Amino acid sequence: DSRFKLRSWCDQREGAGMAEELQGIKLVGVQGGNALRERLATAKDPRKEIKHFVDENSLATKCVPAHELLDLMGFSRAEQHKGILEQVKSRLLSRLESLPPDRLLPLLEKCFPYISVPELRDIPLAIFSHLPRIPPSYLATLAQNPDLFQQLPLPVRRQVWALDVNEPMFKAQLWALAAQYQLHPKVMGLRTGLTGVSTNQRAVRKNNDVLQELVSMLGDSAVLYNKAITGIAALYEEDMDDTALCSLRLHLPLAVMEAGAKHV
């Protein structure tokens with residue numbers, strides 16, 4: 001009997017030790033998977049280790065009868081948990097719109113570590129959309145992941161581009177659009193002399209989809225606007241026979257001003 005009690009006490013201590021070791025570790029995504037894999041690889045009894053893990057990290061719920069009913073109906077636990085996740089995420093996203101910035105920042109701090117998890121990524125992205133200014137530490141991290149960067153709302157991407165350290169990233173996007181602008185039919189016509197200068201230049205600018213994409217890229221950011229104009233002017237100085245760059249340098253400020261920007 002005493003040996004049984006001692007073994008039970010050791011099992012409890014082992015479970016407590018695991019809980020202490022996992023404390024602070026995000027139990028989803030790569031980090032959570034690696035932590036659990038390491039525990040199981042070093043466990044004396046993997047079955048007990050799994051039970052300890054479930055006991056320590058499961059949600060406190062009174063839905064066991066509902067789960068059992070859904071089990072009988074043919075829904076796997078993975079499907080049930082995914083449905084719960086989607087419902088909770090939907091409610092949280094709907095509440096974000098009414099939260100002030102001073103409550104959004106602490107929430108972002110808790111959610112940001114999960115941005116690499118596709119099922120949870122919508123939450124930090126939505127918080128970014130509701131923050132007028134994002135702390136530079138987050139912007140620096142976002143710039144390091146090209147795939148994630150492309151999923152960011154455009155206002156957030158502008159803030160990333162505006163950091164001096166990310167100027168090469170901004171210029172790469174700018175040059176890509178400038179190259180497309182050079183191939184636009186109207187611009188090509190000016191370069192070859194096959195198209196005359198329109199008397200309604202404002203309409204020409206409005207109908208130039210590449211130019212409008214550049215305007216959207218810059219938004220109301222005076223920092224990005226100045227970087228773009230300076231960069232285009234520097235390129236034109238290297239090849240002053242390039243009529244397309246001359247056209248872009250001429251029309252981009254006017255298009256930005258026509259879009260309502262006040263810093264031009």
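**Helix packing and a buried loop residue**

In this predicted model, helix α10 (residues 154-162) packs against helix α15 (residues 222-238) at an angle of about 60°, and their axes lie 9 Å apart. The arrangement therefore makes α10 oblique to α15.

**Contact of α10 with α15**

- The two helices, α10 and α15, cross with left-handed geometry.
- On the α10 side the contact is made by R158, W161 and A162, which meet V223, L224 and K227 of α15.
- By residue class, this contact of α10 with α15 comprises four nonpolar and two charged residues, with no polar ones.

**Contact of α11 with α14**

- Helix α11 (residues 167-182) and α14 cross at roughly 160°, their axes coming within 9 Å.
- Because angles over 145 degrees count as roughly antiparallel, α11 is roughly antiparallel to α14.
- The crossing of α11 and α14 is left-handed.
- From α11, the residues F170, Q173, L174, L177, Q180 and Y181 meet V210, L211, E213, L214, M217 and L218 from α14.
- The residues in the contact of α11 with α14 are nine nonpolar, two polar and one charged.

**The loop residue N208**

- N208 is located in the loop between α13 (201-207) and α14 (209-218).
- Its relative accessibility is 4%, so N208 counts as buried.
- Leaving aside residues up to four places away in sequence, N208 touches Y181, H184 and V187.
- Y181, one of the residues touched by N208, also belongs to the α11 side of the contact with α14.

Terms used. Residues numbered from 1 in each chain as written. Predicted model: local features only at pLDDT ≥ 70, side-chain atom pairs only at ≥ 80, totals over all residues. Heavy atoms only, no water. Axes fitted to C-alpha atoms, helices over the stretch in contact; angles between N-to-C directions. Helix = DSSP H or I, 4+ residues; strand = E, 2+ residues; numbered from the N terminus. Parallel < 35°, antiparallel > 145°, perpendicular 65-115°, else oblique. Left-handed = near helix turned anticlockwise from the far one by under 90°. Contact = heavy atoms within 4.5 Å. Nonpolar A, V, L, I, M, F, W, Y, C, P; charged D, E, K, R; others polar. Buried < 20%, exposed > 50% of the residue type's maximum accessible area, 1.4 Å probe, protein only.
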